[in-house]
Amino acid sequence: TWICSISLERVLKCIVVSFPNIGYVQGMNYISATLLYHCDEATAFWLTHALLSQYNVGDIYEDGFEGMF
């Protein structure tokens, strides 16, 4: 629904602001949307944030895909 897409948009915009070195990369929406399906907007943001920062998932989204290899 449109309410879910607004929540997803807000979560992703906050992630972009939190990680300017990564920005938005196609594929982040799958992670955040899955989390939004199971929890509220704030929790989805913090879980996505933790995945990108503490579990180094953000490395696969940086230029050159250094974290992939």
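1. Contact here means heavy atoms within 4.5 Å. By that rule, and leaving aside neighbours within four places in sequence, S7 is in contact with L36 and E41. S7 lies in helix 1. S7 is also buried, with a relative accessible area of 13%; the cut-off for buried is under 20%. Please keep in mind that this is a predicted model.

2. Overall layout. The chain has 3 helices and 0 strands. Read from the N terminus, the elements run α-α-α. Of the 69 residues, 30% count as buried. Take the contacts between residues at least 6 apart in sequence: 51% of them join residues at least 24 apart.

3. The core. The largest nonpolar core has 13 residues. Those with the most contacts inside this core are V11, I15, F19, I22, M28, L36 and A44. Which helices supply at least two residues each? They are helix 1 (2–18), helix 2 (28–38) and helix 3 (41–53). Helix 1 gives the most to this core, with 4 residues.

4. L36. This residue deserves a look in the viewer. L36 has its place in helix 2. Is L36 buried or exposed? At 18% relative accessibility, L36 counts as buried, because the limit for buried is under 20%. Not counting residues up to four places away in sequence, L36 touches S7, L8, V11, E41 and A44. Two of these partners, V11 and A44, are listed with L36 among the core residues with the most contacts. S7 and E41 also come up in the contacts of point 1, where S7 is in contact with L36 and E41.

5. Helix 2 against helix 3. How do the axes of these helices cross? They come within 9 Å and cross at roughly 140°. Helix 2 and helix 3 are therefore oblique to each other. The crossing is right-handed.

6. Residues at that meeting. On the helix 2 side, I31, S32, L35 and L36 take part. On the helix 3 side, they meet E41, A44, L47, T48 and L51. I31 has its place in helix 2. With a relative accessible area of 24%, I31 is partly exposed. I31 and L47 are 16 residues apart in sequence and 9.5 Å apart in space, C-alpha to C-alpha.

7. T34. This residue is found in helix 2 too. At 46% relative accessibility, T34 counts as partly exposed. T34 and A44 are 10 residues apart in sequence. Their C-alpha atoms are 8.6 Å apart in space. A44 itself is one of the core residues with the most contacts.

8. The loop. Where does D40 lie? D40 lies in the loop between helix 2 and helix 3. D40 counts as partly exposed, at 45% relative accessibility. D40 and S7 are 33 residues apart in sequence, yet 9.0 Å apart in space, C-alpha to C-alpha. S7, by contrast, is buried at 13%.

9. Aromatic pair. A search of the whole structure finds 1 aromatic pair. A pair of aromatic rings is described by the distance of the centres and the angle of the planes. The rings of F45 and W46 have their centres 4.8 Å apart and their planes at 70°, so the pair is edge-to-face. The cut-off for that class is over 60 degrees. F45 is buried, with a relative accessible area of 12%. W46, at 55% relative accessibility, counts as exposed, because the limit for exposed is over 50%.

Technical notes
Residues are numbered from 1 along each chain as its sequence is written. This is a predicted model: local features need pLDDT of at least 70, side-chain atom pairs count only at pLDDT 80 or more; totals for chains, interfaces and linings use all residues. Side-chain values use heavy atoms; hydrogens and water are left out. A nonpolar core is a set of buried Ala, Val, Leu, Ile, Met, Phe, Trp, Tyr and Cys residues joined through side-chain atoms within 4.5 Å. Buried means under 20% relative accessible area, exposed over 50%, partly exposed in between (1.4 Å probe, protein chains only). Rings of Phe, Tyr and Trp (its six-membered ring) pair if their centres lie within 6.5 Å; planes under 30 degrees apart count as stacked, over 60 as edge-to-face and the rest as tilted. Axes are lines fitted to C-alpha atoms, for helices over the stretch in contact, and angles run from 0 to 180 degrees between N-to-C directions. Angles under 35 degrees count as roughly parallel, over 145 as roughly antiparallel, 65 to 115 as roughly perpendicular and the rest as oblique. A crossing is left-handed if the near helix is turned anticlockwise from the far one by less than a right angle, and right-handed if clockwise.
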